[in-house]
Amino acid sequence: MASKVDLEFAREVATSEEFNAWACMNCGVCTAVCPLGIALMPRKLFRHTVLGLKDEVLEQRDAIFQCLLCRLCQENCTADVHIAENVRFLRSYIDREVFGLDADPAERKDQYALAHR
Ligand code: SF4
Ligand code: SF4
C-alpha cells in the first residue's frame, strides 16, 4: 500500500519551533551510536516526519517512547539535528492526537488534580 501524506501533520511539523530535522543527511551515525539499537531511530523516523507520513510515524510509537533521551545520537550528529527535542515533539503529538492528553504539562497536572479530587 502506498504511503499517504497527512497534510495537517505535515503542516504542524513544518511550522513547529521544536522540530528540526531538515538538515539531516541520513548519514546513520545516530543509529550506530544509539545504546538501544533502535534501528529506525532517529533518521528514518524523522524522514517520515518531515514528509508528513503520519501513519508510518504512529506505527513507531513504541520506539518513540522507548528512547532514553540520552542525547548520545545528538552529540554525534554533524548536522546539529535536535534529536531529543524532536522525540519530545513526537511524544507530545502522540499524547495529544492518540491518547487525547493535552500537551501542556501544567494543564495536564490540573486535569489530573481535578480527576482525583
Ligand atoms: S546523525 Fe544527524 S545527520 Fe546523521 S542521520 Fe542522524 S540525525 Fe541525520
Ligand atoms: S536519545 Fe534516544 S535515539 Fe538518541 S541515542 Fe539516546 S536512546 Fe537512542
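1. In the protein chain, residues 24 or more positions apart account for 64% of the contacts with a separation of 6 or more, a contact being a pair of residues whose C-beta atoms, placed from the backbone, lie within 7 Å. The model is predicted, so that local features need a pLDDT of at least 70 and side-chain atom pairs count only at pLDDT 80 or more, while totals for chains, interfaces and linings use all residues. Residues are numbered from 1 along each chain as its sequence is written, and chains are lettered from A and ligands numbered from 1 in the order in which they are written.

2. On confidence, the protein chain averages a pLDDT of 86, and 84% of the residues score at least 70; pLDDT is the predictor's confidence in each residue, from 0 to 100. Helix H8 (residues 105-115) has the lowest confidence, at a mean of 56, whereas H4 has the highest, at 95. Where pLDDT is low, the predicted coordinates should not be read in detail.

3. The secondary structure comes to eight helices and zero strands, where helices (H or I, at least four residues) and strands (E, at least two) are DSSP runs numbered from the N terminus. Buried residues make up 21% of the 117 residues in the chain; a residue is buried if 20 or more other C-beta atoms lie within 10 Å of its own, exposed if 12 or fewer, and partly exposed in between.

4. The largest nonpolar core has 19 residues, and those with the most contacts inside it are Cys 67, Cys 77, Ile 83, Val 87 and Leu 90; such a core is a set of buried Ala, Val, Leu, Ile, Met, Phe, Trp, Tyr and Cys residues joined through C-beta atoms within 7 Å. Helix H3 (43-50) and helix H7 (83-97) each supply at least two residues of this core, and H7 gives the most, with five residues. Leaving aside its neighbours within four places in sequence, Val 87 is in contact with Ile 64, Cys 67 and Leu 69.

5. Which residues of H3 are buried? They are Arg 43, Leu 45, Phe 46 and Thr 49, and they lie on the same side of H3 because they cover an arc of only 160 degrees around the axis, the arc being that of the directions from the helix axis to the C-beta atoms. These buried residues pack against helix H1 (7-15), helix H2 (29-33), helix H4 (54-59) and H7.

6. Ligand 2 is surrounded by 14 residues, the closest being Cys 34, Cys 67, Leu 68, Cys 70 and Cys 73; a residue is near a molecule if its C-beta atom, placed from the backbone, lies within 6 Å of it. Helix H6 (72-75) and H7 are the elements that give two or more residues to this shell, which divides into 13 nonpolar, no polar and one charged. Around ligand 1 there are 13 residues, of which Cys 24, Cys 27, Cys 30, Arg 43 and Cys 77 come nearest, and by class that shell has ten nonpolar, two polar and one charged residues. In these classes Ala, Val, Leu, Ile, Met, Phe, Trp, Tyr, Cys and Pro count as nonpolar, Asp, Glu, Lys and Arg as charged, and the others, Gly among them, as polar.

7. Val 81 lies in the loop between H6 and H7 and counts as buried because it has 22 C-beta neighbours inside 10 Å. Not counting residues up to four places away in sequence, Val 81 touches Asn 20, Ala 21, Ala 23 and Cys 24.

Key:
Two residues are in contact if their C-beta atoms, placed from the backbone, lie within 7 Å.
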